[in-house]
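Work through the exercises below with the sequence and the structure open beside you. Each task is followed by a solution in steps.

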Amino acid sequence: MNIENLPQVTQFKTDEQPHIIIDKEVCRTCEHHACVMSCPANCYTWNEETGLLSVVYETCLECGTCYVVCDNKAIDWSYPRGGYGVNFRLT
Amino acid sequence: MAKYFDVIVVGAGPAGSLAGLKLARAGLNVCLLERGSHPGAKNMFGGLLHNTPALNELIPSFWEKAPLERHVYKKVLAFMTPDTAVSLSFENENFDRPPYNGYTVLRPAFDNWLAGEAVKEGALLLCDCTVIEPVMKDGAVVGVTVKGREGELRANIVIAADGVLSFLAEKAGLRGDFVPGTLGVGVKLLLGLPEATINERFHLVRDQGADISFLGIPAGIRGGSFLYTNRESLSVGMVMYLDSLQKSGRAPHEIFDDLLQHPQVKKLVKGAVPLEYSAHLVPEGGYKAVPTVYTNGMMVVGDAAGLCYTNGINLEGINLAMTSGVLAAETAINAIEAGDYSARMLALYKKKLNESFVIKDMKKFSKSVGMMHVDRLYDTYPQLLAGIMEKIYKVDGTPRTGLFGLARKEAMKEVGLKDLVADSIRIGRALL
(Lines give C-alpha, C1' and ligand atoms only; values in the text may rest on other atoms or scores of the structure.)
Protein backbone atom coordinates (compact mmCIF):
# COMPACT_ATOMS: atom_id res chain seq x y z
CA MET A 1 0.00 0.00 0.00
CA ASN A 2 1.61 3.21 -1.14
CA ILE A 3 0.37 5.58 1.54
CA GLU A 4 1.10 8.58 -0.68
CA ASN A 5 -1.85 7.44 -2.82
CA LEU A 6 -4.27 7.54 0.10
CA PRO A 7 -6.27 10.57 -1.13
CA GLN A 8 -6.82 8.78 -4.46
CA VAL A 9 -8.40 5.69 -2.91
CA THR A 10 -10.17 7.11 0.14
CA GLN A 11 -12.53 10.09 0.05
CA PHE A 12 -12.25 13.04 2.44
CA LYS A 13 -14.36 16.14 2.91
CA THR A 14 -12.04 18.67 4.44
CA ASP A 15 -13.23 21.04 7.13
CA GLU A 16 -11.36 24.31 7.46
CA GLN A 17 -11.29 23.74 11.21
CA PRO A 18 -8.74 21.07 12.17
CA HIS A 19 -9.97 18.29 14.48
CA ILE A 20 -6.43 17.50 15.67
CA ILE A 21 -4.40 20.10 17.50
CA ILE A 22 -0.94 19.26 18.79
CA ASP A 23 0.98 20.97 21.53
CA LYS A 24 4.21 21.64 19.65
CA GLU A 25 6.13 22.57 22.79
CA VAL A 26 5.34 19.25 24.46
CA CYS A 27 6.11 17.40 21.21
CA ARG A 28 9.48 19.11 20.96
CA THR A 29 10.66 17.33 24.10
CA CYS A 30 8.87 14.01 23.46
CA GLU A 31 11.28 11.08 23.40
CA HIS A 32 9.42 8.70 21.11
CA HIS A 33 6.98 10.52 18.80
CA ALA A 34 4.90 7.35 18.77
CA CYS A 35 2.23 9.16 16.74
CA VAL A 36 4.57 9.45 13.74
CA MET A 37 5.15 5.72 13.34
CA SER A 38 1.75 4.47 14.54
CA CYS A 39 -0.55 6.53 12.34
CA PRO A 40 -2.04 4.28 9.63
CA ALA A 41 -2.47 7.30 7.35
CA ASN A 42 1.03 8.69 7.90
CA CYS A 43 -0.37 12.05 9.01
CA TYR A 44 2.48 13.01 11.35
CA THR A 45 5.97 14.25 10.48
CA TRP A 46 8.79 14.94 12.90
CA ASN A 47 11.45 17.35 11.75
CA GLU A 48 14.65 16.56 13.60
CA GLU A 49 16.37 19.81 12.53
CA THR A 50 13.67 22.26 13.55
CA GLY A 51 12.36 20.13 16.43
CA LEU A 52 8.83 20.58 15.12
CA LEU A 53 6.08 18.01 14.86
CA SER A 54 3.48 18.62 12.18
CA VAL A 55 0.19 16.95 11.39
CA VAL A 56 -1.88 16.78 8.21
CA TYR A 57 -5.42 16.39 9.54
CA GLU A 58 -6.92 16.44 6.04
CA THR A 59 -6.16 12.74 5.37
CA CYS A 60 -6.91 11.48 8.89
CA LEU A 61 -8.81 8.18 8.87
CA GLU A 62 -10.22 9.06 12.33
CA CYS A 63 -9.04 5.84 13.97
CA GLY A 64 -7.66 7.61 17.07
CA THR A 65 -4.42 5.60 17.27
CA CYS A 66 -2.32 8.77 17.77
CA TYR A 67 -4.55 9.94 20.59
CA VAL A 68 -4.17 6.61 22.40
CA VAL A 69 -0.41 6.16 21.93
CA CYS A 70 0.45 9.73 22.98
CA ASP A 71 1.36 9.38 26.66
CA ASN A 72 2.15 13.09 26.94
CA LYS A 73 -1.46 14.08 26.31
CA ALA A 74 -0.15 16.48 23.67
CA ILE A 75 -2.81 15.65 21.10
CA ASP A 76 -6.15 17.40 21.36
CA TRP A 77 -8.19 14.99 19.27
CA SER A 78 -11.90 15.03 18.57
CA TYR A 79 -14.14 13.74 15.82
CA PRO A 80 -14.58 16.22 12.96
CA ARG A 81 -17.72 18.30 12.70
CA GLY A 82 -20.67 16.31 11.36
CA GLY A 83 -20.39 15.41 7.68
CA TYR A 84 -16.70 16.35 7.44
CA GLY A 85 -13.60 14.19 7.47
CA VAL A 86 -13.23 10.72 6.03
CA ASN A 87 -16.16 9.44 4.01
CA PHE A 88 -16.06 5.69 3.39
CA ARG A 89 -17.93 4.82 0.21
CA LEU A 90 -17.25 1.09 -0.11
CA THR A 91 -15.48 -0.44 2.88
CA MET B 1 -38.49 19.96 15.24
CA ALA B 2 -39.01 18.54 18.72
CA LYS B 3 -35.84 18.71 20.75
CA TYR B 4 -37.05 16.33 23.38
CA PHE B 5 -37.09 12.57 22.83
CA ASP B 6 -37.85 9.44 24.76
CA VAL B 7 -34.48 8.07 23.72
CA ILE B 8 -31.46 9.48 21.89
CA VAL B 9 -29.18 6.87 20.33
CA VAL B 10 -25.72 8.22 19.55
CA GLY B 11 -24.20 6.44 16.56
CA ALA B 12 -26.05 4.74 13.69
CA GLY B 13 -23.78 1.69 13.58
CA PRO B 14 -25.13 -1.86 13.95
CA ALA B 15 -25.72 -1.57 17.74
CA GLY B 16 -27.29 1.90 17.56
CA SER B 17 -29.52 1.26 14.58
CA LEU B 18 -30.86 -2.04 15.88
CA ALA B 19 -31.57 -0.35 19.24
CA GLY B 20 -33.30 2.48 17.35
CA LEU B 21 -35.39 0.01 15.36
CA LYS B 22 -36.52 -1.86 18.47
CA LEU B 23 -37.43 1.37 20.28
CA ALA B 24 -39.29 2.88 17.32
CA ARG B 25 -41.23 -0.33 16.80
CA ALA B 26 -42.34 -0.10 20.44
CA GLY B 27 -43.81 3.30 19.57
CA LEU B 28 -41.20 5.42 21.32
CA ASN B 29 -40.01 8.80 20.12
CA VAL B 30 -36.42 7.96 19.23
CA CYS B 31 -33.66 10.01 17.62
CA LEU B 32 -30.64 8.39 15.99
CA LEU B 33 -27.61 10.71 15.72
CA GLU B 34 -24.91 9.93 13.16
CA ARG B 35 -21.72 11.94 12.62
CA GLY B 36 -21.20 10.74 9.03
CA SER B 37 -23.03 12.19 6.05
CA HIS B 38 -24.81 8.81 5.96
CA PRO B 39 -24.74 5.78 8.27
CA GLY B 40 -21.64 3.71 7.52
CA ALA B 41 -19.58 6.64 6.25
CA LYS B 42 -17.34 6.39 9.33
CA ASN B 43 -17.61 2.68 9.94
CA MET B 44 -15.14 0.00 9.09
CA PHE B 45 -14.47 -3.54 10.28
CA GLY B 46 -12.75 -6.63 8.91
CA GLY B 47 -15.74 -7.69 6.90
CA LEU B 48 -17.56 -10.57 8.63
CA LEU B 49 -21.13 -10.23 9.81
CA HIS B 50 -21.68 -13.20 12.11
CA ASN B 51 -25.05 -14.87 12.40
CA THR B 52 -26.93 -12.84 15.03
CA PRO B 53 -30.25 -14.24 16.35
CA ALA B 54 -31.25 -10.78 17.65
CA LEU B 55 -31.09 -9.42 14.09
CA ASN B 56 -33.01 -12.40 12.65
CA GLU B 57 -35.69 -11.91 15.26
CA LEU B 58 -36.25 -8.21 14.56
CA ILE B 59 -35.96 -8.52 10.77
CA PRO B 60 -37.02 -12.07 9.83
CA SER B 61 -35.19 -13.45 6.77
CA PHE B 62 -33.05 -10.31 6.82
CA TRP B 63 -30.59 -12.01 4.44
CA GLU B 64 -33.14 -11.66 1.66
CA LYS B 65 -33.34 -7.89 2.19
CA ALA B 66 -29.95 -6.68 3.43
CA PRO B 67 -27.13 -5.68 1.09
CA LEU B 68 -24.86 -8.66 1.78
CA GLU B 69 -21.88 -9.74 -0.26
CA ARG B 70 -21.49 -13.52 0.18
CA HIS B 71 -22.34 -16.06 2.86
CA VAL B 72 -19.32 -17.64 4.51
CA TYR B 73 -18.99 -21.22 3.36
CA LYS B 74 -15.28 -21.79 3.74
CA LYS B 75 -13.16 -21.06 6.80
CA VAL B 76 -9.38 -21.23 6.52
CA LEU B 77 -6.89 -20.85 9.36
CA ALA B 78 -3.37 -20.35 8.03
CA PHE B 79 -0.19 -20.34 10.12
CA MET B 80 2.38 -18.28 8.28
CA THR B 81 6.13 -17.76 8.38
CA PRO B 82 7.88 -15.52 5.85
CA ASP B 83 8.20 -18.41 3.40
CA THR B 84 5.72 -21.07 4.49
CA ALA B 85 1.98 -21.46 5.12
CA VAL B 86 0.36 -24.33 7.02
CA SER B 87 -3.41 -24.12 6.60
CA LEU B 88 -6.46 -25.81 7.91
CA SER B 89 -9.44 -25.45 5.60
CA PHE B 90 -12.98 -26.16 6.70
CA GLU B 91 -15.82 -26.38 4.19
CA ASN B 92 -19.23 -27.14 5.55
CA GLU B 93 -22.43 -27.79 3.57
CA ASN B 94 -24.42 -26.67 6.64
CA PHE B 95 -22.86 -23.23 6.20
CA ASP B 96 -24.24 -23.20 2.67
CA ARG B 97 -27.94 -22.84 3.50
CA PRO B 98 -30.03 -20.40 5.55
CA PRO B 99 -29.88 -19.33 8.27
CA TYR B 100 -26.30 -18.81 7.19
CA ASN B 101 -23.52 -18.82 9.75
CA GLY B 102 -22.13 -15.51 8.55
CA TYR B 103 -21.76 -13.12 5.64
CA THR B 104 -19.18 -10.82 4.19
CA VAL B 105 -20.53 -7.26 4.13
CA LEU B 106 -19.41 -3.75 3.28
CA ARG B 107 -20.32 -1.30 6.00
CA PRO B 108 -21.34 1.87 4.14
CA ALA B 109 -24.05 -0.21 2.42
CA PHE B 110 -25.00 -2.45 5.34
CA ASP B 111 -25.13 0.25 8.03
CA ASN B 112 -27.09 2.54 5.74
CA TRP B 113 -29.63 -0.22 5.13
CA LEU B 114 -29.99 -1.08 8.82
CA ALA B 115 -30.47 2.57 9.82
CA GLY B 116 -33.06 2.81 7.03
CA GLU B 117 -34.98 -0.08 8.62
CA ALA B 118 -35.05 1.88 11.90
CA VAL B 119 -36.33 4.94 10.03
CA LYS B 120 -39.09 2.83 8.42
CA GLU B 121 -40.24 1.97 11.95
CA GLY B 122 -40.42 5.65 12.82
CA ALA B 123 -36.98 6.55 14.20
CA LEU B 124 -35.72 10.04 13.36
CA LEU B 125 -32.26 9.80 11.79
CA LEU B 126 -30.12 12.94 11.93
CA CYS B 127 -26.84 12.71 9.99
CA ASP B 128 -23.92 15.19 10.09
CA CYS B 129 -24.23 15.30 13.89
CA THR B 130 -21.05 14.79 15.92
CA VAL B 131 -21.95 14.50 19.58
CA ILE B 132 -19.53 16.29 21.90
CA GLU B 133 -20.67 15.40 25.37
CA PRO B 134 -23.53 14.32 27.57
CA VAL B 135 -25.67 16.98 29.20
CA MET B 136 -25.72 16.28 32.95
CA LYS B 137 -28.34 17.33 35.47
CA ASP B 138 -28.40 16.24 39.11
CA GLY B 139 -25.97 13.41 38.40
CA ALA B 140 -27.96 12.05 35.49
CA VAL B 141 -27.46 12.15 31.73
CA VAL B 142 -30.38 14.10 30.28
CA GLY B 143 -29.22 14.77 26.73
CA VAL B 144 -26.28 15.53 24.45
CA THR B 145 -24.63 18.47 22.72
CA VAL B 146 -23.72 18.43 19.05
CA LYS B 147 -20.53 19.92 17.57
CA GLY B 148 -21.00 23.15 15.66
CA ARG B 149 -24.69 23.44 16.56
CA GLU B 150 -26.42 25.62 19.07
CA GLY B 151 -28.55 24.16 21.78
CA GLU B 152 -28.83 20.63 22.97
CA LEU B 153 -30.95 17.57 22.37
CA ARG B 154 -32.68 16.14 25.40
CA ALA B 155 -34.04 12.70 26.19
CA ASN B 156 -35.12 10.57 29.11
CA ILE B 157 -32.50 8.02 28.12
CA VAL B 158 -29.32 8.25 26.04
CA ILE B 159 -27.87 5.10 24.46
CA ALA B 160 -24.16 5.57 23.72
CA ALA B 161 -23.40 3.59 20.57
CA ASP B 162 -20.59 5.96 19.66
CA GLY B 163 -17.95 3.36 18.94
CA VAL B 164 -14.69 2.15 20.38
CA LEU B 165 -13.47 5.61 21.43
CA SER B 166 -16.62 6.36 23.37
CA PHE B 167 -16.13 9.90 24.53
CA LEU B 168 -19.67 9.77 25.88
CA ALA B 169 -18.81 6.91 28.26
CA GLU B 170 -15.58 8.67 29.20
CA LYS B 171 -17.20 12.04 29.84
CA ALA B 172 -20.00 10.45 31.84
CA GLY B 173 -17.29 8.99 34.08
CA LEU B 174 -18.02 5.37 33.15
CA ARG B 175 -14.53 4.51 31.99
CA GLY B 176 -10.89 5.43 32.44
CA ASP B 177 -8.36 6.49 29.83
CA PHE B 178 -8.02 4.62 26.55
CA VAL B 179 -4.79 2.62 26.79
CA PRO B 180 -2.66 0.90 24.09
CA GLY B 181 -2.67 -2.53 25.82
CA THR B 182 -6.44 -2.97 25.44
CA LEU B 183 -6.83 -1.66 21.90
CA GLY B 184 -5.85 -2.93 18.50
CA VAL B 185 -5.70 -0.99 15.27
CA GLY B 186 -7.16 -2.55 12.16
CA VAL B 187 -6.04 -1.45 8.72
CA LYS B 188 -7.73 -2.69 5.62
CA LEU B 189 -7.51 -2.36 1.88
CA LEU B 190 -10.50 -3.13 -0.25
CA LEU B 191 -9.29 -4.64 -3.52
CA GLY B 192 -11.45 -4.94 -6.63
CA LEU B 193 -11.43 -8.25 -8.52
CA PRO B 194 -13.99 -9.65 -11.00
CA GLU B 195 -16.56 -12.04 -9.55
CA ALA B 196 -15.56 -14.90 -11.86
CA THR B 197 -11.90 -14.54 -10.89
CA ILE B 198 -12.79 -14.66 -7.18
CA ASN B 199 -14.91 -17.78 -7.66
CA GLU B 200 -12.19 -19.53 -9.60
CA ARG B 201 -9.32 -18.46 -7.37
CA PHE B 202 -11.00 -19.35 -4.07
CA HIS B 203 -12.94 -22.38 -5.37
CA LEU B 204 -16.37 -20.87 -4.73
CA VAL B 205 -19.69 -21.06 -6.54
CA ARG B 206 -22.85 -18.92 -6.43
CA ASP B 207 -22.83 -16.68 -3.31
CA GLN B 208 -20.31 -18.77 -1.40
CA GLY B 209 -17.63 -16.80 0.41
CA ALA B 210 -14.32 -17.54 2.07
CA ASP B 211 -12.82 -16.30 5.33
CA ILE B 212 -9.06 -16.76 5.56
CA SER B 213 -7.35 -15.87 8.86
CA PHE B 214 -3.57 -15.63 8.89
CA LEU B 215 -1.59 -16.14 12.08
CA GLY B 216 2.10 -15.25 11.99
CA ILE B 217 1.72 -12.16 9.82
CA PRO B 218 2.62 -9.51 10.88
CA ALA B 219 5.83 -11.25 11.99
CA GLY B 220 7.00 -10.30 15.46
CA ILE B 221 3.95 -8.15 16.22
CA ARG B 222 1.02 -9.36 18.28
CA GLY B 223 -1.78 -9.40 15.76
CA GLY B 224 -3.24 -11.24 12.84
CA SER B 225 -4.35 -10.77 9.27
CA PHE B 226 -7.40 -11.63 7.23
CA LEU B 227 -8.75 -11.94 3.73
CA TYR B 228 -12.49 -12.11 3.06
CA THR B 229 -14.14 -12.50 -0.31
CA ASN B 230 -16.90 -10.05 -1.25
CA ARG B 231 -18.87 -10.36 -4.46
CA GLU B 232 -16.48 -8.33 -6.60
CA SER B 233 -13.79 -7.38 -4.13
CA LEU B 234 -11.51 -8.70 -1.40
CA SER B 235 -11.25 -7.26 2.11
CA VAL B 236 -7.60 -7.66 3.08
CA GLY B 237 -6.26 -6.34 6.34
CA MET B 238 -4.64 -6.81 9.69
CA VAL B 239 -5.23 -6.04 13.36
CA MET B 240 -2.34 -5.24 15.69
CA TYR B 241 -2.22 -4.51 19.42
CA LEU B 242 -1.21 -0.85 19.80
CA ASP B 243 1.48 -1.52 22.42
CA SER B 244 3.09 -4.16 20.21
CA LEU B 245 2.86 -1.97 17.12
CA GLN B 246 4.49 0.88 19.02
CA LYS B 247 7.31 -1.41 20.20
CA SER B 248 7.97 -2.59 16.65
CA GLY B 249 8.90 0.93 15.56
CA ARG B 250 7.33 0.27 12.17
CA ALA B 251 4.46 2.03 10.41
CA PRO B 252 1.17 0.17 9.87
CA HIS B 253 1.21 0.70 6.11
CA GLU B 254 4.72 -0.78 5.89
CA ILE B 255 3.71 -3.81 7.95
CA PHE B 256 0.65 -4.14 5.76
CA ASP B 257 2.96 -4.50 2.75
CA ASP B 258 4.50 -7.60 4.38
CA LEU B 259 1.07 -9.18 4.12
CA LEU B 260 0.46 -8.12 0.51
CA GLN B 261 3.96 -9.24 -0.48
CA HIS B 262 3.82 -12.62 1.25
CA PRO B 263 4.15 -15.23 -1.55
CA GLN B 264 0.93 -17.00 -0.51
CA VAL B 265 -1.11 -13.79 -0.26
CA LYS B 266 0.40 -12.23 -3.35
CA LYS B 267 -1.06 -15.02 -5.48
CA LEU B 268 -4.50 -14.47 -3.97
CA VAL B 269 -4.61 -10.72 -4.63
CA LYS B 270 -2.87 -10.78 -8.03
CA GLY B 271 -4.37 -8.30 -10.48
CA ALA B 272 -6.66 -6.75 -7.87
CA VAL B 273 -7.19 -2.97 -7.91
CA PRO B 274 -7.06 -0.85 -4.70
CA LEU B 275 -10.52 0.63 -4.10
CA GLU B 276 -10.43 2.02 -0.56
CA TYR B 277 -8.05 2.11 2.41
CA SER B 278 -9.37 2.44 5.94
CA ALA B 279 -8.35 2.12 9.58
CA HIS B 280 -10.19 1.76 12.88
CA LEU B 281 -9.50 0.87 16.49
CA VAL B 282 -10.75 -2.44 17.88
CA PRO B 283 -11.56 -3.03 21.58
CA GLU B 284 -9.32 -6.00 22.36
CA GLY B 285 -9.05 -5.79 26.13
CA GLY B 286 -11.61 -8.55 26.66
CA TYR B 287 -13.92 -8.93 29.61
CA LYS B 288 -11.66 -7.14 32.09
CA ALA B 289 -11.67 -4.00 29.94
CA VAL B 290 -15.47 -3.73 29.78
CA PRO B 291 -16.34 -0.37 31.39
CA THR B 292 -19.38 0.40 33.52
CA VAL B 293 -22.19 0.16 30.97
CA TYR B 294 -24.96 2.13 32.61
CA THR B 295 -25.52 5.18 34.77
CA ASN B 296 -28.44 7.45 35.54
CA GLY B 297 -30.06 8.15 32.17
CA MET B 298 -27.52 6.37 29.97
CA MET B 299 -26.52 2.92 28.69
CA VAL B 300 -23.44 2.04 26.66
CA VAL B 301 -23.56 -0.57 23.87
CA GLY B 302 -21.36 -2.25 21.25
CA ASP B 303 -17.72 -1.25 20.78
CA ALA B 304 -18.34 1.72 23.09
CA ALA B 305 -18.86 -0.85 25.86
CA GLY B 306 -15.81 -2.86 24.75
CA LEU B 307 -18.03 -5.76 23.71
CA CYS B 308 -15.66 -7.65 21.48
CA TYR B 309 -13.42 -10.63 22.02
CA THR B 310 -10.80 -12.71 20.30
CA ASN B 311 -9.26 -16.01 21.31
CA GLY B 312 -7.02 -16.32 18.29
CA ILE B 313 -9.57 -18.37 16.35
CA ASN B 314 -12.84 -16.44 16.82
CA LEU B 315 -13.00 -12.68 16.50
CA GLU B 316 -16.47 -11.42 17.31
CA GLY B 317 -17.80 -7.93 17.81
CA ILE B 318 -20.64 -6.99 15.47
CA ASN B 319 -22.93 -9.76 16.77
CA LEU B 320 -22.18 -8.78 20.37
CA ALA B 321 -22.81 -5.13 19.46
CA MET B 322 -26.21 -5.73 17.86
CA THR B 323 -27.32 -7.98 20.71
CA SER B 324 -26.30 -5.38 23.29
CA GLY B 325 -28.21 -2.71 21.35
CA VAL B 326 -31.39 -4.77 21.51
CA LEU B 327 -30.93 -5.51 25.23
CA ALA B 328 -30.43 -1.80 25.97
CA ALA B 329 -33.55 -0.99 23.93
CA GLU B 330 -35.60 -3.57 25.85
CA THR B 331 -34.38 -2.02 29.09
CA ALA B 332 -35.23 1.49 27.87
CA ILE B 333 -38.76 0.36 26.97
CA ASN B 334 -39.24 -1.00 30.51
CA ALA B 335 -37.73 2.12 32.06
CA ILE B 336 -39.96 4.46 30.09
CA GLU B 337 -43.05 2.42 30.99
CA ALA B 338 -42.04 2.72 34.64
CA GLY B 339 -41.03 6.39 34.29
CA ASP B 340 -37.75 5.53 36.02
CA TYR B 341 -34.44 6.33 34.25
CA SER B 342 -32.18 5.86 37.24
CA ALA B 343 -29.10 3.65 37.33
CA ARG B 344 -31.03 1.28 39.55
CA MET B 345 -33.57 0.73 36.80
CA LEU B 346 -31.00 0.62 33.98
CA ALA B 347 -29.00 -2.03 35.87
CA LEU B 348 -31.45 -4.38 34.19
CA TYR B 349 -29.45 -3.90 30.99
CA LYS B 350 -26.30 -5.26 32.65
CA LYS B 351 -28.29 -8.16 34.04
CA LYS B 352 -29.59 -8.99 30.56
CA LEU B 353 -26.07 -8.72 29.12
CA ASN B 354 -24.70 -11.04 31.80
CA GLU B 355 -27.36 -13.62 31.03
CA SER B 356 -26.78 -13.46 27.26
CA PHE B 357 -24.02 -15.07 25.21
CA VAL B 358 -22.36 -11.65 25.02
CA ILE B 359 -20.89 -11.58 28.52
CA LYS B 360 -20.88 -15.37 28.88
CA ASP B 361 -18.54 -15.73 25.88
CA MET B 362 -16.43 -12.77 26.93
CA LYS B 363 -16.00 -14.33 30.37
CA LYS B 364 -15.26 -17.75 28.91
CA PHE B 365 -12.39 -16.34 26.91
CA SER B 366 -11.29 -13.71 29.43
CA LYS B 367 -7.98 -15.52 29.88
CA SER B 368 -7.40 -15.42 26.11
CA VAL B 369 -6.30 -11.81 26.48
CA GLY B 370 -3.25 -12.98 28.43
CA MET B 371 -2.58 -15.66 25.84
CA MET B 372 -2.91 -13.16 23.00
CA HIS B 373 -0.10 -11.16 24.58
CA VAL B 374 2.36 -14.09 24.39
CA ASP B 375 4.79 -12.99 21.69
CA ARG B 376 5.75 -16.60 20.86
CA LEU B 377 2.27 -17.21 19.50
CA TYR B 378 3.01 -14.91 16.58
CA ASP B 379 6.37 -16.15 15.38
CA THR B 380 7.82 -19.11 17.29
CA TYR B 381 4.81 -21.40 17.05
CA PRO B 382 4.07 -20.85 13.34
CA GLN B 383 7.80 -21.43 12.80
CA LEU B 384 7.65 -24.64 14.84
CA LEU B 385 4.66 -25.92 12.90
CA ALA B 386 6.30 -25.07 9.57
CA GLY B 387 9.49 -26.85 10.68
CA ILE B 388 7.60 -30.02 11.52
CA MET B 389 5.66 -29.95 8.23
CA GLU B 390 8.84 -29.41 6.24
CA LYS B 391 10.58 -32.36 7.92
CA ILE B 392 7.54 -34.57 7.37
CA TYR B 393 7.46 -33.90 3.64
CA LYS B 394 11.10 -33.28 2.79
CA VAL B 395 12.75 -36.18 0.96
CA ASP B 396 16.54 -36.02 0.97
CA GLY B 397 17.88 -39.52 1.54
CA THR B 398 18.44 -39.11 5.31
CA PRO B 399 16.67 -41.56 7.66
CA ARG B 400 13.35 -40.33 9.07
CA THR B 401 12.46 -39.67 12.72
CA GLY B 402 9.07 -40.84 14.06
CA LEU B 403 6.40 -38.10 14.18
CA PHE B 404 6.35 -37.77 17.94
CA GLY B 405 10.13 -37.63 18.20
CA LEU B 406 10.20 -35.09 15.39
CA ALA B 407 7.64 -32.82 17.08
CA ARG B 408 9.46 -33.08 20.42
CA LYS B 409 12.83 -32.29 18.90
CA GLU B 410 11.53 -29.26 17.00
CA ALA B 411 9.63 -27.96 20.04
CA MET B 412 12.69 -28.22 22.27
CA LYS B 413 14.81 -26.49 19.66
CA GLU B 414 12.38 -23.61 19.00
CA VAL B 415 10.81 -23.03 22.41
CA GLY B 416 12.45 -24.96 25.26
CA LEU B 417 10.72 -27.04 27.91
CA LYS B 418 9.96 -24.31 30.43
CA ASP B 419 8.23 -21.95 28.03
CA LEU B 420 6.51 -24.83 26.28
CA VAL B 421 4.91 -26.01 29.52
CA ALA B 422 3.99 -22.47 30.56
CA ASP B 423 2.45 -21.68 27.16
CA SER B 424 0.56 -25.00 27.05
CA ILE B 425 -1.04 -24.21 30.38
CA ARG B 426 -1.84 -20.67 29.31
CA ILE B 427 -3.33 -21.69 25.95
CA GLY B 428 -5.20 -24.56 27.60
CA ARG B 429 -6.73 -22.23 30.18
CA ALA B 430 -7.60 -19.66 27.55
CA LEU B 431 -9.39 -21.96 25.15
CA LEU B 432 -10.57 -25.14 26.86
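This is a predicted model: local features need pLDDT of at least 70, side-chain atom pairs count only at pLDDT 80 or more; totals for chains, interfaces and linings use all residues.

**Exercise 1.** Which residue takes a positive phi in the hairpin of strand 8 of chain B and strand 9 of chain B?

*Solution.* Residues are numbered from 1 along each chain as its sequence is written, while chains are lettered from A and ligands numbered from 1 in the order in which they are written.

Begin with the strands (DSSP runs of E, at least two residues, numbered from the N terminus): strand 8 covers residues 131–137 of chain B and strand 9 covers residues 140–146 of chain B, and they pair in the antiparallel sense over 6 bridges, where pairing requires that DSSP finds at least two bridges. Within this pairing, Pro134(B) is placed opposite Val144(B) of strand 9. The hairpin has 2 residues between the strands, and Asp138(B) is the residue with a positive phi, near 50°.

**Exercise 2.** How do helix 1 and helix 3 of chain B lie relative to each other?

*Solution.* The axes of helix 1 (residues 14–25) and helix 3 (residues 107–120) of chain B come within 8 Å and cross at roughly 15°. The two helices are therefore roughly parallel, a term for angles under 35 degrees.

**Exercise 3.** What is the confidence of the model for chain B?

*Solution.* Chain B averages a pLDDT of 94, and 100% of the residues score at least 70; the model scores ipTM 0.97 and pTM 0.95.

Conventions. Helices (H or I, at least four residues) and strands (E, at least two) are DSSP runs, numbered from the N terminus. pLDDT is the predictor's confidence in each residue, from 0 to 100. Axes are lines fitted to C-alpha atoms, for helices over the stretch in contact, and angles run from 0 to 180 degrees between N-to-C directions. Angles under 35 degrees count as roughly parallel, over 145 as roughly antiparallel, 65 to 115 as roughly perpendicular and the rest as oblique.
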